[in-house]
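My entries follow the display.

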Amino acid sequence: MSRSHTRVTEAVRDEACPVTEVLDRVAGKWSIGILMAAAHGPVRFTELERGINGISRRMLTLNLRRLERDGLLIRTVHPTVPPKVEYSLTPMARELHASLTGLVGWAERHRSAIAEARAAYDTAAAQRPDTH
C-alpha cells in the first residue's frame, strides 16, 4: 500500500470514526422517533410506547437508557404511587432536534423523487446483464 493511501485511510478513520459512532447512536432506528417525541416537552414512557409505531417495550427501554447515558435525555422520577417517570431533552439534544427537524423536512420534500429514482434504477438494473 502506498504511503499516500495510508495517510488518506488514517485521515478518514480519524475524522469519520467519532462522527460515525455518534450518528450510529442518534440515527438508530428508534432514537430519532424518541428524540422527536420528547422534544414537545416531558413525555412519559407509555406516551412514547403508543406514539412510536412498532417499538417493543424492551427496545424502548434500551433506547431510553442509551439516550440518557449519552446525555441526550433527562429521566425524572416523580415520587408518586405508582412512580411517574418522564423524559425530556437535554440542551445538547435540543440542538440535535433542530438538525433532525431539517433532515425530516428534507426527507419529506424528497421522498417521492427518491422513490422515482429507485424505481428507474431497478427497472434499468433488471434490463442489463448481471455484471457486478
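How many residues are in the hairpin that joins β2 to β3? I counted 5 residues in that hairpin. I note that this is a predicted model.

Entry on the strand pair. I looked up β2, residues 73-78, and β3, residues 84-89. The two strands run antiparallel and are paired over 6 bridges. I then picked out positions along β2. Thr 76 has Glu 86 of β3 as its bridge partner, and Arg 75 stands opposite Tyr 87 in β3. For reading side chains here I kept in mind that they alternate between the two faces of the sheet in a regular strand.

Entry on the sheet. I traced an open sheet of 3 strands, in the order β1-β3-β2, with antiparallel pairing. At its edges I found β1 (43-44) and β2, each of which pairs on one side only.

Entry on the helices. I turned to α2, residues 31-38, and α5, residues 91-127. They pack at an angle of about 110°, and their axes are 10 Å apart. Angles of 65 to 115 degrees count as roughly perpendicular, so α2 is roughly perpendicular to α5. I logged the crossing of α2 and α5 as left-handed.

Entry on the helix contact. From α2, I listed Ile 32, Leu 35 and Met 36. These meet residues of α5: Ala 93, Leu 96, His 97, Leu 100, Thr 101 and Val 104. Sorted by class, the contact of α2 with α5 holds 7 nonpolar and 2 polar residues, and no charged ones.

Technical notes:
Residues numbered from 1 in each chain as written. Predicted model: local features only at pLDDT ≥ 70, side-chain atom pairs only at ≥ 80, totals over all residues. Heavy atoms only, no water. Pairing = 2+ DSSP bridges. Helix = DSSP H or I, 4+ residues; strand = E, 2+ residues; numbered from the N terminus. Axes fitted to C-alpha atoms, helices over the stretch in contact; angles between N-to-C directions. Parallel < 35°, antiparallel > 145°, perpendicular 65-115°, else oblique. Left-handed = near helix turned anticlockwise from the far one by under 90°. Contact = heavy atoms within 4.5 Å. Nonpolar A, V, L, I, M, F, W, Y, C, P; charged D, E, K, R; others polar.
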